[in-house]
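Trainee: Could you take me through a close look at one part of this model, with the cut-offs spelled out as you go?

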Amino acid sequence: MTELNELLLQRRSKLTQIREKGINPYPYRFEATHRSSEITGNFDTLSESKEAVRIAGRLMSIRGHGKTSFAHMQDAAGRIQIYLRKDTLGEEPFALYKLLDMGDLIGVEGTVFRTRTGEITVEVRDFEVLCKSLRPLPIEKERVEDGEKVTFDEVSGKELRYRQRYVDLILHPEVRRTFERRTKIVSAIRRFLDERNFMEVETPILQPLYGGASARPFVTHHNALDIDLYLRISDELYLKRLIVGGYERVYEFCKDFRNEGMDRSHNPEFTLLELYQAYADYGDMMRITEEMVSIVAEEVVGSQTVDYQGTEIDFTPPWKRVTMLGAIEKYAGVTLEGVSEEAMRKTCAGLEIEVDGTMGSGKMIDEIFKKYVEPHLIQPTFVMDYPVETAPLAKRHRKDSALTERFEAFVNGSEIANAFSELNDPIDQRERFEAQTQLRAMGDEEAQALDEDFLRALEYGMPPTGGLGIGIDRLVMLLTDAPSIRDVLFFPQMRPE
RNA sequence: GGGCCCGUAGCUCAGCCGGUAGAGCAGCGGCCUUUUAAGCCGUUGGUCGAAGGUUCGAUUCCUUCCGGGCUCACCA
């Protein structure tokens, strides 16, 4: 497996030859004067002044012509062609150049000109090896046909692209742009919240109890304390403790870990933005959600309307608001308000939804919703007022105590946000936890654990609070037109090779 | 976990109804001082994902396993 094939041996042999010339193939630094885009952008001045430019980058193509050669270098800003001549370079440097391969990192110095075919090019008068590459880069070629860029032999295998993201990034500028956009989205959100006096905080990733969501956790062990700890599935209970402590607006970009299946929209570790605002309710959270997402889209994409996999999605506020039961009535054609659990079982049977004995009415409503409503929620939609048993941390609805003031925002049939008027009645909270404990005793591994310290905090008094979670990965998918969560994570989880 | 599809050279792929493998690019050698999928001539390179089975003979057929993709289920 570690045996070197011919190509790797050839590169190592070239490495030796470079060393034999007394040249260090892994030197320490290089001072560039320009990035590739700055050369193409300032062509007129640079070509007139004949001023020397220095650029560093990776060799991405080489076309030798005997005593001359053309090549392309790639840096973070783009690509630029370089031109080398034996007569201007000299015998020895030209011989060194012959030992270079695609993928090598070099630094060049030269002057800027335009070739016969019109391409802006650096005529190299001196160059240095900055790093010899010992592994052949997959070769992709492209040509412009009728103004369209046609790529040949494109590395299309997802596996190589996910496992060796570095290769994917070297080869595909559009992949680099996706991740640059991800960073811009996060920055824009941070700016949005900071401007509104939210404070960014950090809370524990290793938690003695996992809470704030319904999911199975990853378990780890702390040796010194000799206790099991959980990688957080949410930071909700910690951020609320901070609200109790007197901070009125906090947020965290929270890396969460859930020990569940993986698919196009699920990775075991993912990023959730959670924010909490004192003296606010879920209505305020709806407004902040639609405002934030539309502003971010405008800043990052340049429009509040984006194309996602062929579907036009319009984030312009206000978003549609429907109640959960209202949406079910509309799309499933059944009325569930005030319906007994028994009657609901019959309804489910009629709707071809499998029901087992452990499912309460909340769970059944959820199932009907998933099957009949979610697929219709393409344009941004707030679904409000979930049954109390599905939201143990949300405050009861001010008009109907069987419901909670909870909403989820759906876009393109998938959830991107979840928010409540937070439950701050410590007695009700304890009862809800106890109901969860019963579910757990019945075998529901995802039921939430009773957190005494959190209850203690609530007993000191938490102001009325609105809380919001936004799935950052899914938002990035929407704003980068990415079909899979793996396309917006640098290093998605894979089975070990 | 179920279904469908895929795994052949560094990369992209071909290989029919079984007879132990081909192309382009890359590499290597040669020619070439404005090319751009550079070109021309020559050439190296493969445990055909792994293990079993059927067969005189398996890249090809069958089984299992490994890895991947899509999809359904599960899952906030």
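Mentor: In helix 9 (residues 236-244), the buried residues are Glu236, Leu237, Leu239, Lys240, Arg241 and Ile243; buried means under 20% relative accessible area with a 1.4 Å probe, protein chains only. This is a predicted model, where local features need pLDDT of at least 70 and side-chain atom pairs pLDDT 80 or more, while totals for chains, interfaces and linings use all residues. Residues are numbered from 1 along each chain as its sequence is written, chains are lettered from A and ligands numbered from 1 in the order written, and side-chain values use heavy atoms, without hydrogens or water.

The buried residues of helix 9 pack against strand 12 (249-257), strand 13 (269-278), strand 19 (414-421), helix 15 (452-460) and strand 20 (465-471). Helices (H or I, at least four residues) and strands (E, at least two) are DSSP runs, numbered from the N terminus. After helix 9 comes Gly246, with a positive phi near 115 degrees.

On the helix 8 side, Thr178, Arg181, Arg182, Ile185, Val186 and Ile189 make the contact (heavy atoms within 4.5 Å), meeting Ile472, Asp473, Leu475, Val476, Leu479 and Thr480 of helix 16. Buried residues of helix 8 include Thr178, Arg182, Ile185, Val186 and Ile189. Just after helix 8, Asn197 has a positive phi of about 65 degrees.

Key:
Buried < 20%, exposed > 50% of the residue type's maximum accessible area, 1.4 Å probe, protein only.
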